[in-house]
Amino acid sequence: MALAGQPNCGKTTVFNMLTGARQHVANYPGVTVEKKSGRFSAEGRPVELVDLPGTYSLTSYSLEERVARDFILYDKPRAIINVADASNLKRNLYLTLQLFEMGVPVVLNLNMMDVAERRGIGVDARGLQEYFGSPVVPTVGKKGSGAPQLKAAVAALADAGPARAFAVDYGPLEPFVAEIGDLVAADPQAAGAYPSRWLAIKLLEADAEAANLLARHHPEAAEVMERVQALRARFETEAGLSADRHIAFTRHRLCADIFRRFVTVPGEKRRTLSDKADSFVCHRFAGPVILVLILLGLYQISIVFGGWVALQVWPVWGSLESFTEGLLPAAGFLDDPLLRSLGMWTVKSVTAILNYLPIFFLLFALIAILEDSGYMPRMAFILDRLFRRFGLHGQSTLPLILGGVYVGGCAIPAVMATKAIPDERARLATILVAPMMNCLAKVPLYLILISAYFADHAGMAMFFIATVTLFMALPVAKALSLTVLRRRESAPFIMEMPPYHLPTAGGVLRRALERIWLFVKKIVTVVVAVAVIVFMLINFPNLGRERLEDYAARRDAAVDAFMAEVDKTSFKGRIAPEDVLALVLFEEDMKSAKRGVSDQARADAINARFAEANPVFYAVVSREGKDGKALNRALKGVINTRKELRRNMRAERFEASFLGVAGRALEPLTQWAGFNWRINIALLSAFAAKENSAATLGAIYGIDGEGGGSVEQGMLAGEEGFTPLHALALMLFMALYPPCIPASIMVRMQTNSSKWMLFSIGYQTLLGLAVATLVFTGGRLLGLSGVQAMWAFYGLCVAATVGMALIPEKTARELSGPQTRQPKEGIAS
Amino acid sequence: MKFVKHLLLLVAFCLVSSLAVAHSPLCDCFDNGDGTITCEGGFSDGSSASGVGMTVKDGAGAVLQEGKMDANSEFSFPKPEGDYSVTFDAGEGHQVVIKGENIVQ
């Protein structure tokens, strides 16, 4: 037995009402759609109930719709309970008609009767039952009323079957349906596999999945398809509109007709406040202006204010870091124990992401407000006209905002959000371009490069990189949908325009928290796994023995120099050479204990604690007496030497590591884009998590500072001049760079295909390399400066965007019919 | 043309927006007890703050001293008399200001 219904019809409450707590959640085989099943007993017999995904229709446009349809088609439930929102019956009947068409016994469940009553809507359940020839049962799922009647109806229907099968009359199309129905049913083996009338209608609708089904089961599929095409063409010339639109219109008309006959609406329908608001919000000119203002507010609050909040919250994550630091084995002078270095690396990778939580929390909360208020579908409606031109969909708006249309987003929630896009082609296109937006983690690298190489044009350079990404993403999306995604299903823009609501604080908070939790759960686990792998790649193989001995010698020299100072003071004999490391760590601990403390009394208490723990060390660290002062200066020298040695060792080890070797191996290829092997390494580590790019470049190559370490200076001196043109190529590559590993895994989850994940990594890498090469090599050949190349490229991208927008896309055009501009209709097709 | 209008709107939206905050800047200052102050900088994602500009100002806002974070992401300066503040400036949206009275020994 299966439970079907449109979203927001109270399907879950009906499910719970019937099955109680006895339910089992799994995924439908091969897809990420959740499959919930439960048991209940009807008239003493056990019944298994499967909750189908909420869908508006039963086409094959979206994953949910396909899952629901396949279940009905292949698992052949004995009966279907169709949950419908009684207060919104006209829309809900659209699904009901299609369920009847599939030839399964249907119980129509009029749920939310209380809401309908409150609004003064009367539904004639008995009349509907006679009309459909199938049971119709009113319930109030929230209160659990009507459950026994529903169970009884289900049991009776499963035994006896419907009184008669209800069928939609397609008028002039009927002879065509009958002809194809006969063709399809001609083969006895195929006839049993699916309802022939349903398949005939689906074939006339040009449903791709139906064609596949036919090809699999029918021995003469090709001839049947040919006939279908011919009939479709004939109908279109005769009736003046395509068969699929005729079918959709007939269903809509019938819904409206049934609604008029069996539903009474209070008084004359007056223009609601929502309708009035829509005349502004969806207005041709005011609409986009309001949209821009709302997006601007979204950006200011989540990114600018959220960034400030993130800074205030940082001490929490910082203390998490120092807490773990305390649990792990103590640090060494040069090398730390593996457990410590790996542990700290992992914790830091996680806190780097947790730092963004306030931003995402605000973003998710604001989006929940937009959704609950009913603005989100209107925004999608307004932008659909623009996005269609690029093979995207109105509902691509949210993923692109989350990804960082301007600056500051994250590809992970962006890819997650594509789930809502019903159009398979646009959904994949959105998944593939969302990582090209400017995620938060790309920004540090932009900032470093801009302040180093475009300092005089910093504002314009930031504007350039922030907006050029959109002008690269849009043409790319169009190109993808014209090529690799050509054969994918495309859907018309169908979206319910619910009345405006005032969002409740509780609802918004709950949804924001749910999403944050989902985000944290998915990401933190992935980040931990990735951090461990990257750690191995950048730390092994270790330095050669000769180098390690050299470092050890320099360490010993520093310790010896310090001991020589000790012997000149009264500390002679109280500090041994093996105490030096402990003394250095003592100083470090004391400093981190006082980190963030701004009150002298508390600082004194901390000092006293350390003084008690080790009076000798404390005397040196806090400069007690003449000897303490003298030795403190020597200690500073040791500390600085240690930091320098550790930094240099890290850089040297990185270069010799697996990742470093890979960076060198790629140099012959990347030199045309202006990347030397050092930049290759930074980019490779950025693939693990974008944050790494700046950290790596900063720590190893000293691009972000004057550089102090001898190794860095040597490297910079040995490097041929890094020009603004190099920097520009690097920034553009970073913008187009493949999604980081956590985002790639999200792509894998949303597309349910490793091939798409690899494709998204591969095409973005190649595209990034191609663009960087074009800018760098092209700019050098033409003798352009960095700034000139920047604007030349910008012009190129804008031209490509306009050009791509003008290439017509047949399906998209054909399907966006005259109804698209009628949001109040409820459904625009 | 409608499409161009939409495009222009998108561009306008981008123009008005300001620069985003990405990783959070971090800076802590300590009184060394010898008449000098040492500040340590960094970023929440572990990036080095080496080369970041540092400014020390007196209570009236006059610049007393300017410098940059060294290779160890540290910056030391003589402790000024009276009120003062230290600014860690890693670009717009990446500034930290610490008041002298909050710097303890």
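How many bridges join strand E6 (residues 84–89) of chain B to E7(B), and do the two strands run parallel or antiparallel? Five bridges link E6(B) with E7(B), and the pair is antiparallel. Before going further, please keep in mind that this is a predicted model.

**A sheet in chain B**

E6(B) and E7(B) belong to an open sheet of four strands, ordered E4-E3-E6-E7, with antiparallel pairing. At the edges lie strand E4 (63–68) and strand E7 (95–99) of chain B, each of which pairs on one side only. From one strand to the next, the twist averages 15°. To find one bridge for yourself, look at Val86(B): its partner in E7(B) is Ile98(B). As background, strands of a sheet pair through backbone hydrogen bonds, in either a parallel or an antiparallel way.

**A glycine in chain A**

Now turn to Gly5(A), which sits in strand E1 (residues 2–5) of chain A. Ala84(A) is 79 residues away from Gly5(A) in sequence, yet the C-alpha atoms of the two are 6.1 Å apart in space.

| Residues of H10(A) | Setting |
|---|---|
| Ala210(A), Leu213(A), Leu214(A) | buried |
| Asn212(A), Ala215(A), Arg216(A) | exposed, on the other side |

Viewed down the axis of H10(A), the buried residues fall within an arc of 100°, so they line one face of the helix. An α-helix has 3.6 residues a turn, so residues three or four places apart point the same way. The cover over the buried residues of H10(A) includes helix H9 (196–204) and helix H11 (221–239) of chain A.

**Two packed helices**

The crossing of H22(A) past H37(A) is left-handed. Among the residues that meet are Phe464(A), Phe471(A) and Lys478(A) from H22(A), and Tyr794(A), Cys797(A) and Thr801(A) from H37(A). Sorted by class, this contact has 14 nonpolar residues, one polar and one charged.

How values were computed
Residues are numbered from 1 along each chain as its sequence is written. Chains are lettered from A and ligands numbered from 1 in the order in which they are written. This is a predicted model: local features need pLDDT of at least 70, side-chain atom pairs count only at pLDDT 80 or more; totals for chains, interfaces and linings use all residues. Two strands pair if DSSP finds at least two bridges between them. Axes are lines fitted to C-alpha atoms, for helices over the stretch in contact, and angles run from 0 to 180 degrees between N-to-C directions. A residue is buried if 20 or more other C-beta atoms lie within 10 Å of its own, exposed if 12 or fewer, and partly exposed in between; C-beta atoms are placed from the backbone. The arc is that of the directions from the helix axis to the C-beta atoms. Two residues are in contact if their C-beta atoms, placed from the backbone, lie within 7 Å. A crossing is left-handed if the near helix is turned anticlockwise from the far one by less than a right angle, and right-handed if clockwise. Ala, Val, Leu, Ile, Met, Phe, Trp, Tyr, Cys and Pro count as nonpolar, Asp, Glu, Lys and Arg as charged, and the others, Gly among them, as polar.
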